[in-house]
Amino acid sequence: MTLVIKGGHLFDPARHIDAIGDLFIEDGKFVKAGKSRETIQAKGLLVVPGLIDMHVHFREPGREDKETIATGSAAA
């Protein structure tokens, strides 16, 4: 069965995608379409690839009052 993320703003700069549409996922992979078992309504929401913060400061040792490895990892 397929998971459908319906009506979201699909945005993927690497694949030059910037459109409103539906995203179909089956067994952890994107598919063209399928018989839906579960639908997530995404109207008004962005659907993007995973985002990462490439710049982080774990202030350990010395500035644990700002952030520690534990608090920074938990936030990620």
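This is a predicted model: local features need pLDDT of at least 70, side-chain atom pairs count only at pLDDT 80 or more; totals for chains, interfaces and linings use all residues.
View 1. Strand S2 covers residues 17–26, runs antiparallel to S1 and is joined to S1 by eight bridges. Strand S1 itself spans residues 2–12.

**View 2. The turn between S1 and S2.** How many residues lie between the two strands of this hairpin? Four residues separate S1 from S2. One of the residues in the turn is His-16, whose phi is positive, at about 55°.

**View 3. The parallel pair of S1 and S4.** Strand S4 is made of residues 36–41 and runs parallel to S1. Five bridges connect S1 and S4.

**View 4. The parallel pair of S1 and S5.** Strand S5 consists of residues 46–47. Two bridges join S5 to S1, again in the parallel sense. Which residue of S5 is the bridge partner of His-9? The partner is Leu-46.

**View 5. A nonpolar patch on the surface.** Phe-11, Leu-46, Val-48 and Leu-51 make up this patch. Together the four residues have about 410 Å² of accessible area. Phe-11 belongs to strand S1, and Leu-46, the bridge partner of His-9, to strand S5.

View 6. Why is Phe-11 called partly exposed? Its relative accessibility is 34%, and the term covers values between the limits of 20% for buried and 50% for exposed. Phe-11 therefore counts as partly exposed. In a regular strand, side chains alternate between the two faces of the sheet.

Key
Residues are numbered from 1 along each chain as its sequence is written. Side-chain values use heavy atoms; hydrogens and water are left out. Patches are made of residues with over 30% relative accessible area and no salt bridge: like charges are joined within 9 Å, nonpolar side chains (Val, Leu, Ile, Met, Phe, Trp, Tyr) within 5 Å. Accessible areas come from the Shrake-Rupley method with a 1.4 Å probe; for residues, only the protein chains shown count as cover. A salt bridge is a side-chain nitrogen of Lys or Arg within 4 Å of a carboxyl oxygen of Asp or Glu. Buried means under 20% relative accessible area, exposed over 50%, partly exposed in between (1.4 Å probe, protein chains only). Two strands pair if DSSP finds at least two bridges between them.
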